[in-house]
Amino acid sequence: MRTLEDLNKLRDKLQAEISIRERKQEITVNVSMGTCGIAAGARETMKTLIEEISSKNIKDIALTQTGCLGACQQEPLVQIQKGGEKVTYINVDQEKARQIVNRHLLEGKVIEQWTKPEE
């Protein structure tokens with residue numbers, strides 16, 4: 001960073017990322033960010049989700065984080081809630097995160113083979 005313009009661009013980028021995380025919308029994407037999730041790569045998953053949602057200019061989704069969901073062996077976990085429906089994706093790496101944005105959030109297709117069966 002060398003100029004005031006660089007600093008302003010960084011501020012705008014960070015404010016856009018924060019606004020994604022603070023929205024109150026019909027669709028909520030939760031990333032489990034307990035220590036077990038972070039150790040399994042949840043920060044990278046969250047970063048990829050932020051980048052994908054921003055790059056696709058998706059406005060009607062809130063991206064939030066939560067603590068441990070009790071399924072540590074399946075971390076990172078990503079839950080998508082829409083109305084009363086909740087889908088939990090397991091072992092979400094960066095590539096899965098991109099596919100979840102494109103297929104589930106944009107096309108409305110649940111990727112069944114990556115979901116956690118309901119108990």
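The following legends describe close-up views of a predicted model.

**View 1. The four-stranded sheet.**
The strands form an open sheet in the order β2-β1-β3-β4, with mixed pairing. At the edges stand β2 and β4, each with a single partner strand, so one side of each lacks a neighbour in the sheet. On average, neighbouring strands of this sheet are turned by 20° against each other, direction ignored. Strands in a sheet pair through backbone hydrogen bonds, in either a parallel or an antiparallel manner.

**View 2. The pairing of β1 with β3.**
Five bridges join β1 and β3, which pair in the antiparallel sense. Within this view, V31 stands opposite V78 of β3. Both V31 and V78 are listed among the residues with the most contacts inside the largest nonpolar core.

**View 3. The largest nonpolar core.**
This core comprises 23 residues, and those with the most contacts inside it are V29, V31, L49, L63, V78, I80 and Y89. Two or more residues are contributed by each of β1 (27-32), α3 (42-55), β2 (61-66), β3 (78-82), β4 (85-89) and α4 (94-106). The greatest contribution is that of α3, with five residues. In soluble globular proteins, nonpolar side chains tend to be buried together.

**View 4. The surroundings of V29.**
Leaving aside residues up to four places away in sequence, V29 touches L49, I61, A62, L63, T64, V78, Q79, I80 and L105. Of these neighbours, L49, L63, V78 and I80 are listed, as is V29, among the core residues with the most contacts.

**View 5. Helix α3 on the sheet.**
Helix α3 lies across β1, β2 and β3. The angle at which α3 runs to β2 is about 170°.

**View 6. The packing of α3 against α4.**
The axes of α3 and α4 are 9 Å apart, and the two helices pack at an angle of about 35°. The crossing of α3 past α4 is right-handed. On the α3 side, the contact is made by E44, T45, T48, L49, E52 and I53; α4 supplies Q94, A97, R98, V101 and N102. Classified by type, the residues of this contact are four nonpolar, four polar and three charged.

The loop between α2 (35-40) and α3 contains G41. With a relative accessible area of 15%, G41 is classed as buried, because this value falls under the 20% cut-off. From C-alpha to C-alpha, G41 and D6 are 29 Å apart in space, while 35 residues separate them in sequence.

Notes:
Residues are numbered from 1 along each chain as its sequence is written. This is a predicted model: local features need pLDDT of at least 70, side-chain atom pairs count only at pLDDT 80 or more; totals for chains, interfaces and linings use all residues. Side-chain values use heavy atoms; hydrogens and water are left out. A nonpolar core is a set of buried Ala, Val, Leu, Ile, Met, Phe, Trp, Tyr and Cys residues joined through side-chain atoms within 4.5 Å. Buried means under 20% relative accessible area, exposed over 50%, partly exposed in between (1.4 Å probe, protein chains only). Contact means heavy atoms within 4.5 Å. Axes are lines fitted to C-alpha atoms, for helices over the stretch in contact, and angles run from 0 to 180 degrees between N-to-C directions. A crossing is left-handed if the near helix is turned anticlockwise from the far one by less than a right angle, and right-handed if clockwise. Ala, Val, Leu, Ile, Met, Phe, Trp, Tyr, Cys and Pro count as nonpolar, Asp, Glu, Lys and Arg as charged, and the others, Gly among them, as polar. Two strands pair if DSSP finds at least two bridges between them.
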